[in-house]
Amino acid sequence: MSLSNVNLVRFQSTKSKDVAISLDTYVSRMQAGQSNIYYIVGSSVADMMSSPSLEKLLSLNYEVLLMDSTLDEYVMMHATEYSTDVKN
């Protein structure tokens, strides 16, 4: 997938479970000093939200993308570079 099309994909996140968001939206909401896009892969949102892996990121108030589809994983594996300069 080209980087020009990756922003068409929508993801659930720890701060947006009911409305899927774009990577640009995610980046615009990143915390000051955050330079990475964080995501977790699992079989369900409930399983991912109960993962101990999220504890540290949530304590820092970082938003984490929730990926429960193999397509989500595929997109992230092929979009290895994404600008985090989209801040609003």
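A residue counts as buried when its relative accessible area is under 20%. By this criterion S13, at 0% relative accessibility in the predicted model, is buried. The same criterion places 33% of the 88 residues of the protein in the buried class.

The secondary structure comprises five helices and four strands, which follow one another from the N terminus in the order α-β-β-α-β-α-α-β-α. Among contacts with a separation of 6 or more, 64% are made by residues 24 or more positions apart. The protein exposes about 5300 Å², of which carbon and sulfur atoms supply 50%.

S13 belongs to strand 1, which covers residues 11–13. A polar atom of the S13 side chain lies 3.0 Å from the backbone nitrogen of S16. The side chain of S13 also makes a polar contact, at 2.5 Å, with the side chain of E63. When neighbours within four places in sequence are left aside, the residues in contact with S13 are I21, R29, E63, V64, L65 and L66.

Two of these contact partners, R29 and E63, are joined to each other by a salt bridge in which the closest N and O atoms are 2.5 Å apart. The structure holds one salt bridge. E63 is located in the loop between helix 4 (55–59) and strand 4 (65–67), whereas R29 is located in the loop between helix 2 (23–28) and strand 3 (39–41); the pair therefore ties together parts that are 34 residues apart in sequence. E63 has a relative accessible area of 3% and is therefore buried, while R29, with a value of 33%, is partly exposed.

The loop between helix 4 and strand 4 also contains N61. Although N61 is not a glycine, its phi is positive, at about 65 degrees. With a relative accessible area of 40%, N61 is partly exposed.

The largest nonpolar core consists of 11 residues, namely V9, F11, I21, L23, Y26, V27, M30, L65, M67, V75 and M76. Helix 2, strand 4 and helix 5 are the elements that give two or more residues to this core, and helix 2 provides the largest share, three residues. A second, separate core has eight residues, including I40, L57, Y62 and L66. I21 and L65, both listed in the largest core, are also among the contact partners of S13. M76, another member of the largest core, is in contact with F11, I37, Y39 and M67 once neighbours within four places in sequence are left aside.

L71 lies in helix 5, which spans residues 70–78. The relative accessible area of L71 is 53%, so this residue is classed as exposed.

Key
Residues are numbered from 1 along each chain as its sequence is written. This is a predicted model: local features need pLDDT of at least 70, side-chain atom pairs count only at pLDDT 80 or more; totals for chains, interfaces and linings use all residues. Side-chain values use heavy atoms; hydrogens and water are left out. Buried means under 20% relative accessible area, exposed over 50%, partly exposed in between (1.4 Å probe, protein chains only). A polar contact is a pair of N or O atoms within 3.5 Å; within protein, one must be able to donate a hydrogen and the other to accept it, and residues adjacent in sequence count only if both atoms are side-chain atoms. Contact means heavy atoms within 4.5 Å. Accessible areas come from the Shrake-Rupley method with a 1.4 Å probe; for residues, only the protein chains shown count as cover. A salt bridge is a side-chain nitrogen of Lys or Arg within 4 Å of a carboxyl oxygen of Asp or Glu. A nonpolar core is a set of buried Ala, Val, Leu, Ile, Met, Phe, Trp, Tyr and Cys residues joined through side-chain atoms within 4.5 Å.
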